[in-house]
Amino acid sequence: MEKIPILRMGDYLLVTIQVDMHDRLALALQDDLTKRISETGAKGVLIDISSLEIVDSFIGRMLGNIASMSRVLDAHTVVVGMQPAVAITLVELGMSLPGVRTALNVDAGMELLRNSVDGQEEFGYGSRFY
Amino acid sequence: MAVVSTETLPVVSEADIVTVRRRVRETATHLGFSLVDQTKVVTAASELARNTLIYGKGGEMELIILNGPRVGLRLLFSDRGPGIPDIDLALRDGFTTGSGLGLGLGGAKRLVNDFEVVSRAGEGTKVTVTRWK
């Protein structure tokens with residue numbers, strides 16, 4: 001079966017979605033990513049959607065799910081590279097991706113992830129809750 | 001209103017949803033739609049094709065090119081599923097009888113210029129949308 005590759009770089013997992021996903025592939029990515037976060041203890045997930053020509057409610061929901069699930073597994077998610085036409089359409093569709101953090105490109109997304117992870121350590125969230 | 005061409009695509013599997021998206025994109029590009037308008041009509045088609053598959057238990061999409069006086073792309077989704085008992089309710093954001101977000105029908109309506117649903121309980125549903133250039 002087709003699979004979307006998940007790359008590991010230090011504490012981060014990187015995903016680039018380059019195909020027009022059918023629904024089952026999107027669900028498989030959701031499962032694979034949560035599994036990889038828990039296996040690797042990754043602190044951040046970066047999802048590059050710059051090749052996606054549309055994001056419909058199904059893919060939008062998948063992105064929201066990944067963000068929520070990774071949060072529960074103590075990782076941050078940033079979605080990067082959304083095309084402007086996709087953003088316009090998504091909002092008109094009624095989906096503003098609440099709970100999903102976004103950045104314009106991979107560089108900005110990585111910086112956001114690093115700041116989130118560092119910030120969390122500085123403020124001692126870990127020691128407060130465990 | 002002159003119909004330039006029509007084409008029918010099956011909507012009976014998830015792979016068909018991808019084919020519908022691709023075909024609608026090709027046609028909208030060919031007609032000279034702006035990138036934003038292409039994206040809107042393809043996204044609407046994706047939502048409606050999924051509805052046809054999941055709620056209508058499969059059906060088909062007719063793709064119609066209109067020309068004169070205006071150029072437009074019309075998509076007609078039809079199924080022989082259980083039908084929609086209350087269309088107003090089905091159009092409301094957040095309403096769903098399935099596991100989705102309930103944005104499909106109402107969301108698709110906002111992405112096109114003309115929108116029509118005809119549904120009879122036990123007979124099926126026809127959704128017609130048109131995006132004008």
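This is a predicted model: local features need pLDDT of at least 70, side-chain atom pairs count only at pLDDT 80 or more; totals for chains, interfaces and linings use all residues.
Read along its sequence, chain B follows the pattern β-α-α-β-β-α-α-β-β. How compact is chain B? Its radius of gyration is 14 Å, close to the 14 Å that the globule rule gives for 133 residues, so chain B is as compact as a globular protein of that length. Taken along the principal axes, the box filled by its C-alpha atoms is roughly 35 × 25 × 25 Å. Of the 133 residues in chain B, 37% are buried. If you look at contacts in this chain between residues at least 6 apart in sequence, 64% of them join residues at least 24 apart.

Now turn to chain A and look at two of its helices. α1(A) and α2(A) pack with their axes 10 Å apart, at an angle of about 10 degrees. Because angles under 35 degrees count as roughly parallel, α1(A) is roughly parallel to α2(A). On the α1(A) side, the residues that meet α2(A) are Asp23(A), Ala26(A), Gln30(A), Leu33(A), Thr34(A) and Ile37(A). Their partners in α2(A) include Phe58(A), Ile59(A), Met62(A) and Ile66(A). By class, the residues of this contact divide into eight nonpolar, four polar and one charged.

Next, where do the two chains meet? In all, 18 residues of chain A are in contact with 25 residues of chain B. On chain A, the side that touches chain B draws at least two residues from each of α1 (23-40), α2 (57-72) and α3 (84-93). Of these, α3(A) gives the most, with six residues.

Let us follow α3(A) across to chain B. Its axis and that of helix α2 (residues 35-54) of chain B come within 9 Å and cross at roughly 45 degrees, which makes α3(A) oblique to α2(B). The crossing of the two helices is right-handed. From α3(A), the contact is made by Ala85(A), Val86(A), Ile88(A), Thr89(A), Glu92(A) and Leu93(A). Facing them from α2(B) are Leu35(B), Val36(B), Thr39(B), Lys40(B) and Thr43(B). Sorted by class, the residues of this contact are six nonpolar, three polar and two charged.

Conventions: Residues are numbered from 1 along each chain as its sequence is written. Chains are lettered from A and ligands numbered from 1 in the order in which they are written. Two residues are in contact if their C-beta atoms, placed from the backbone, lie within 7 Å. Helices (H or I, at least four residues) and strands (E, at least two) are DSSP runs, numbered from the N terminus. Axes are lines fitted to C-alpha atoms, for helices over the stretch in contact, and angles run from 0 to 180 degrees between N-to-C directions. Angles under 35 degrees count as roughly parallel, over 145 as roughly antiparallel, 65 to 115 as roughly perpendicular and the rest as oblique. Ala, Val, Leu, Ile, Met, Phe, Trp, Tyr, Cys and Pro count as nonpolar, Asp, Glu, Lys and Arg as charged, and the others, Gly among them, as polar. The radius of gyration is taken over C-alpha atoms; the globule rule is 2.2 Å times the number of residues to the power 0.38. A residue is buried if 20 or more other C-beta atoms lie within 10 Å of its own, exposed if 12 or fewer, and partly exposed in between; C-beta atoms are placed from the backbone. A crossing is left-handed if the near helix is turned anticlockwise from the far one by less than a right angle, and right-handed if clockwise.
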